[in-house]
Amino acid sequence: MSMQITTTHSAIPTDDARLAEILSNPGFGTHFTDHMFTVEWTPAEGWHDARITPYGPITLDPAAAVLHYAQEIFEGMKAYRHPDGSVWAFRPEANAERMVRSSGRLALPELEVEDFVQAVTELTRVDERWVPDGEGEKSLYLRPFMFASEKFLGVRPAEHVTFMVIASPAGAYFKGGVKPVDLWLSEDYTRAGRGGMGAAKTGGNYASSLVAQQEAYAQGCDQVVFLDAQEGRYVEELGGMNMYFVYDDGSIVTPETGTILEGITRASIIELAGKMGHPVTERRFAIEEWQEGVASGRITEVFACGTAAVVTPVGALKTAHGDTPAPAGAELTMKIRQALVDVQFGRAEDTFGWMRRIV
Ligand code: PLP
Ligand code: COI
């Protein structure tokens, strides 16, 4: 069943000159469009009162459960402008399905895939002028999120929940553009434990990653690598990206542990690389394999991937006990990156049927 959405247009939309200035250099996550989407949930009414309103601060009771117990989930996805001016979302159902899985873990109500897709589609339509042209791989980053808005301090699943979507024009996630990022190996902190929330996209996972990320910055690195919590041996993922390792025989490995966030970019690359003749194995991947593989030359490329950062070559791995240098190259990494962005920006045929037209 599709939602009835009421739309109230902003009386003071961003003027053309200011918008052009923002879109010329959007950065990441700093500028927001003129509107936002909201829908509320209660056990009695289900999802109701879907609306698009002018973007702005929201009122939240100080006792709202999310502020105390972090019952919250989110998604990250993008809309792309194609050369003919049309606007397309990349696999929005996959984000919707992941949000359903996250809501299951966080005891939040399920938002139907169709309603999620409708919400991101309608907001993007209303704020279409905010979708940058594809020049320089700019896009509109969409941030759907759901949180416990009930005023109640008892510890139980909230009985008033809010789902919103905001949107933000996006350029490169890393300031330096596409160049290898150095990584810091976190040995003191883990991201996810057995039975924990690692596979859910929930704010708490990012809160717990910040101190490790701070350590990474202090070590001159751009991102942190987390290992599994049980043995401290198997590579999981970065603070906000999944990982890939390319071997000299053209084969590729991506970590699988049951506690990583399964990225939509990660899943897409498995299909894309397979089609390019580079089969991908999902398996547990020990940190020594990385260190020894680069040292012996068997691992020729390492890369990370995610919606915000797309595909980014990985440089050195720094640890408290010594460093592993950058792998030899990034040739296949850049080929995979190009193949993916070509589909997203409408420059290559979408043979997988990933793109959904919005405008
Ligand atoms: N892992 C984490 C912890 C993330 O935050 C993200 C970003 O969304 C990813 C992996 C990659 O997921 P996706 O490709 O769906 O963006
Ligand atoms: C994304 O790539 O969408 C992410 O969520 C990563 C980070 C910005 C949290």
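A: **The largest pocket**

Helix 5 contributes the largest share of the lining of the largest pocket, with five residues. This is a predicted model, in which local features need pLDDT of at least 70 and side-chain atom pairs count only at pLDDT 80 or more, while totals for chains, interfaces and linings use all residues. Residues are numbered from 1 along each chain as its sequence is written, chains are lettered from A and ligands numbered from 1 in the order in which they are written, and side-chain values use heavy atoms, with hydrogens and water left out.

Two or more lining residues come from each of strand 7 (139–148), helix 5 (203–218), strand 11, helix 6 and strand 15. Helices (H or I, at least four residues) and strands (E, at least two) are DSSP runs numbered from the N terminus. A pocket is an open set of points on a 1 Å grid over the protein atoms alone, with protein on both sides within 12 Å along at least five of seven lines; lining residues have an atom within 4 Å of a point, and a cavity is a set where a 1.4 Å probe fits but cannot get out. By class, the lining of the largest pocket has 18 nonpolar, 16 polar and nine charged residues (Ala, Val, Leu, Ile, Met, Phe, Trp, Tyr, Cys and Pro are nonpolar, Asp, Glu, Lys and Arg charged, the others, Gly among them, polar).

Ligand 1 sits in the largest pocket (more than half of its atoms lie within 2 Å of the grid points). Strand 11 (235–238), helix 6 (264–275) and strand 15 (299–306) are the elements that give two or more residues to the shell around ligand 1. There are 17 residues around this ligand, and the nearest are Tyr-206, Glu-237, Ile-264, Thr-265 and Thr-307 (near means a heavy atom within 4 Å). The shell of ligand 1 divides into six nonpolar, seven polar and four charged residues.

Taken on its own, ligand 1 has 390 Å² of accessible area, and the protein covers 96% of that (Shrake-Rupley method, 1.4 Å probe).

Around ligand 2 are Phe-28, Phe-74, Gly-76, Tyr-141, Arg-143, Tyr-173, Lys-201, Tyr-206, Gly-240, Thr-307 and Ala-308. These shell residues comprise six nonpolar, three polar and two charged. The side chain of Lys-201 places an N or O atom 2.8 Å from an oxygen of ligand 2. Backbone atoms take part as well: a backbone N or O atom of Thr-307 is 3.4 Å from an oxygen of ligand 2, and a polar backbone atom of Ala-308 is 2.8 Å from one. Of the 280 Å² that ligand 2 exposes when taken alone, the protein buries 88%.

Two other spaces complete the picture. The second largest pocket has a volume of about 220 Å³. Its lining has 20 residues, with Glu-137, Ala-172, Tyr-173, Val-310 and Arg-337 closest to its centre. Strand 5 (77–81), strand 16 (310–319) and helix 8 (331–344) each give two or more residues to that lining, which divides into eleven nonpolar, six polar and three charged residues.

The structure also holds one cavity of 30 Å³ or more. The largest cavity has a volume of about 100 Å³. Among its 13 lining residues, Tyr-80, Phe-90, Thr-265, Thr-307 and Gln-344 lie nearest the centre. Strand 5, helix 6 and helix 8 each supply at least two residues of this lining, and strand 5 gives the most, with three.

Key
Polar contact = N/O pair within 3.5 Å; in protein donor to acceptor, adjacent residues only side chain to side chain. Points joined across faces, edges and corners; volume = space filled by probe spheres on them.
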